[in-house]
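Here is a friendly walk through one structure, written for someone who likes to check things against the atoms. Keep the viewer open as you read.

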Amino acid sequence: MYWKSWQTRRLWAACLSIMVILLSVVWLVWPSNQPDSSSIVNPIRVLTNTVVHNLENGHADLLLTDAPIRGQLTSWSQETGIGLKVVFPDGTMIYDSDDSSVRHIHPRFELDYTLRISDSEPSYYHLAFPLLDAGSKSFVGYAQFAVPASVVASAFPSSDLPLYVPWALLSLALLTLLYLFFSIGRRVQHDWVEPVAGLKPYAEAILKGNYEQRAEWTSDNEVGELYAVFDLMREEIRNLHMQQAAHSQSHKELISNLSHDLKTPLATIKAYIDAIREGICPDLPSVMAYLEVVHANTSKMTVLVDDLLLHALRDLEQIAVHPIEQYSAPTLEPILRAMAHYIRTMGVRCQEPSAIPNVLVVIDAIRIEQVLSNLVTNALKHTEPGDTIRLAVEEHSETSCLQIIVSDTGSGISPQDMPFIFDRYYQGSVLQRTASQPTERHGVGLGLSICKYIMEAHGGTISFHSQQQQGTTFYLTLPLS
């Protein structure tokens with residue numbers, strides 16, 4: 001069960017319980033179950049109606065002289081518990097059920113024309129009714145009644161049931177909130193605190209370098225998702241650690257290969273220079289031949305150092321590629337002409353482009369020359385005297401791009417090397433034309449990786465097609481401006 005749905009139901013239950021508590025408190029505090037003044041006057045009228053009727057039918061005057069009437073009023077007062085005072089308009093009190101010694105009052109100030117409840121215990125409702133003569137309808141006096149509150153309350157329905165209901169609802173709501181409090185606490189402890197604490201050993205294992213300990217949780221809820229994400233993080237850290245280890249190993253291999261590749265030409269250069277210094281060369285042609293060997297090995301070392309520098313700049317993201325908008329023909333023509341001359345000096349035929357499309361491209365000429373130089377150098381490694389390297393430039397209007405092609409008729413790239421030739425440090429096999437065994441590898445495996453980086457910085461691509469013993473073709477694609 002997901003925590004969100006479970007929490008939503010508990011939240012609704014808590015809100016409902018709080019609403020019930022508030023309504024119950026309002027029910028208990030609000031005096032809605034107590035009768036108001038207007039509803040109390042009516043029962044008092046009913047209780048005293050007979051006495052008022054008798055007094056209005058001439059008995060008020062008889063109270064001064066007729067003892068039986070006074071006795072009837074006294075008996076009625078004792079039976080009902082209702083006090084009575086009869087007062088003439090001038091304030092003369094002609095009857096008092098309490099036998100008070102007061103015989104004269106001020107009607108304006110001492111009679112209760114509106115309902116009043118006393119503070120005594122038990123409490124009484126005090127109310128005065130005017131007396132009108134039944135025949136003449138003239139005002140003849142006042143009847144002041146003191147009605148016990150218990151007598152008035154007996155005239156209303158019992159309120160025990162309404163008072164019991166809010167107390168019951170209040171108790172039920174409080175018990176519900178108490179249950180929700182403990183159930184949520186237990187659920188948080190069991191479903192969140194303990195599982196999250198259970199991640200601690202796995203996190204410690206990762207800190208110690210143990211990336212194989214899987215964090216598993218079988219519940220299909222948020223905690224299960226947390227464990228799944230944590231395990232994905234562990235797997236990602238493990239992969240990054242493996243990549244870092246592989247990268248570190250590649251760096252070590254790079255240094256080892258570079259040391260080997262630099263050692264051989266350095267030893268050759270030193271040997272030939274020592275020979276020249278010792279006078280082994282008898283004439284100038286011999287010296288020039290020795291210097292040619294020194295120059296070739298120096299060029300090889302220059303290529304290796306340039307690749308290493310570009311590799312370091314790439315890792316630091318500092319390879320400066322600054323493409324600018326310019327026409328392709330005047331930019332590419334001197335580069336391709338120099339490449340063609342270099343190819344011919346190596347004893348390989350070169351087929352130059354008959355025409356270069358003159359279109360606007362955004363290009364960094366220096367970096368594109370580095371890419372072409374690297375591709376030509378690789379082509380020379382796979383070719384022999386008599387082979388051909390073709391340089392071409394084509395415009396593809398349907399895809400709005402300019403394509404530079406470098407192809408050779410050499411030994412080609414072996415199928416097992418094709419997926420990895422753009423990977424850093426990867427060194428493919430250089431096959432001989434007449435043997436299936438690979439010859440010694442050259443370079444440190446950085447050239448094509450740097451070429452790919454430079455082309456992508458131009459917003460272009462680099463791709464190839466190759467067949468063993470038939471040759472390889474590289475395609476450099478640049479978007480038109």
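Contact, as used here, means heavy atoms within 4.5 Å. With that cut-off, and leaving aside neighbours within four places in sequence, Arg234 is in contact with Ile206, Tyr211, Glu212, Gln213 and Arg214. Please bear in mind that the model is a predicted one.

## Around Arg234

Arg234 sits in helix α8, which covers residues 222-277. Is Arg234 buried or exposed? Its relative accessible area is 2%, and buried means under 20%, so Arg234 counts as buried. The side chain of Arg234 also makes a polar contact of 3.2 Å with the side chain of Glu235.

Arg238 is buried, at a relative accessible area of 19%. Glu235 is partly exposed at 24%, and Glu212 is exposed at 55%.

## Salt bridges side by side

The structure holds eleven salt bridges.

Lys85 is partly exposed at 26% relative accessibility, whereas Asp96 is buried at 5%.

## The five-stranded sheet

Strands β1 and β2 belong to an open sheet of five strands, in the order β2-β1-β5-β4-β3, with antiparallel pairing. Why is one side of β2 and one side of β3 left without a neighbour in the sheet? The strands β2 (93-96) and β3 (116-117) stand at the edges, and each has a single partner strand, so there is nothing beside them in the sheet on one side.

Further in, β4 (residues 124-132) and β5 (residues 139-148) run antiparallel and are joined by nine bridges. Across this pairing, Ala128 stands opposite Gln144 in β5. Helix α3 (residues 67-80) lies across β1 (83-87), β2 and β5, and runs at about 45° to β2.

Which members of the largest nonpolar core touch the most other members? They are Leu332, Leu372 and Leu391, in a core of 39 residues. Each of the following supplies at least two residues of this core: helices α10 (328-345), α11 (365-381) and α12 (447-457), and strands β8 (360-363), β9 (388-396), β10 (401-408) and β14 (471-479). A second, separate core has 24 residues, among them Val51, Ile82, Leu131 and Val140.

Beyond its neighbours within four places in sequence, Leu391 is in contact with Leu336, Met339, Ala340, Ile343, Cys350, Gln351, Glu352, Pro353, Val376, Ile405 and Val406.

## Two loop residues with positive phi

Backbone angles are the last stop. Most residues other than glycine have a negative phi. Ser400, although not a glycine, has a positive phi of about 50°. Ser400 is placed in the loop between β9 and β10, and is partly exposed with a relative accessible area of 41%.

Where is Gln469 found? Gln469 is in the loop between β13 (461-467) and β14. Its phi is near 65°, again a positive value in a residue other than glycine. With a relative accessible area of 34%, Gln469 is partly exposed.

Technical notes:
Residues numbered from 1 in each chain as written. Predicted model: local features only at pLDDT ≥ 70, side-chain atom pairs only at ≥ 80, totals over all residues. Heavy atoms only, no water. Core = buried A, V, L, I, M, F, W, Y, C linked by side-chain atoms within 4.5 Å. Buried < 20%, exposed > 50% of the residue type's maximum accessible area, 1.4 Å probe, protein only. Helix = DSSP H or I, 4+ residues; strand = E, 2+ residues; numbered from the N terminus. Pairing = 2+ DSSP bridges. Axes fitted to C-alpha atoms, helices over the stretch in contact; angles between N-to-C directions. Polar contact = N/O pair within 3.5 Å; in protein donor to acceptor, adjacent residues only side chain to side chain. Salt bridge = Lys/Arg side-chain N within 4 Å of Asp/Glu carboxyl O.
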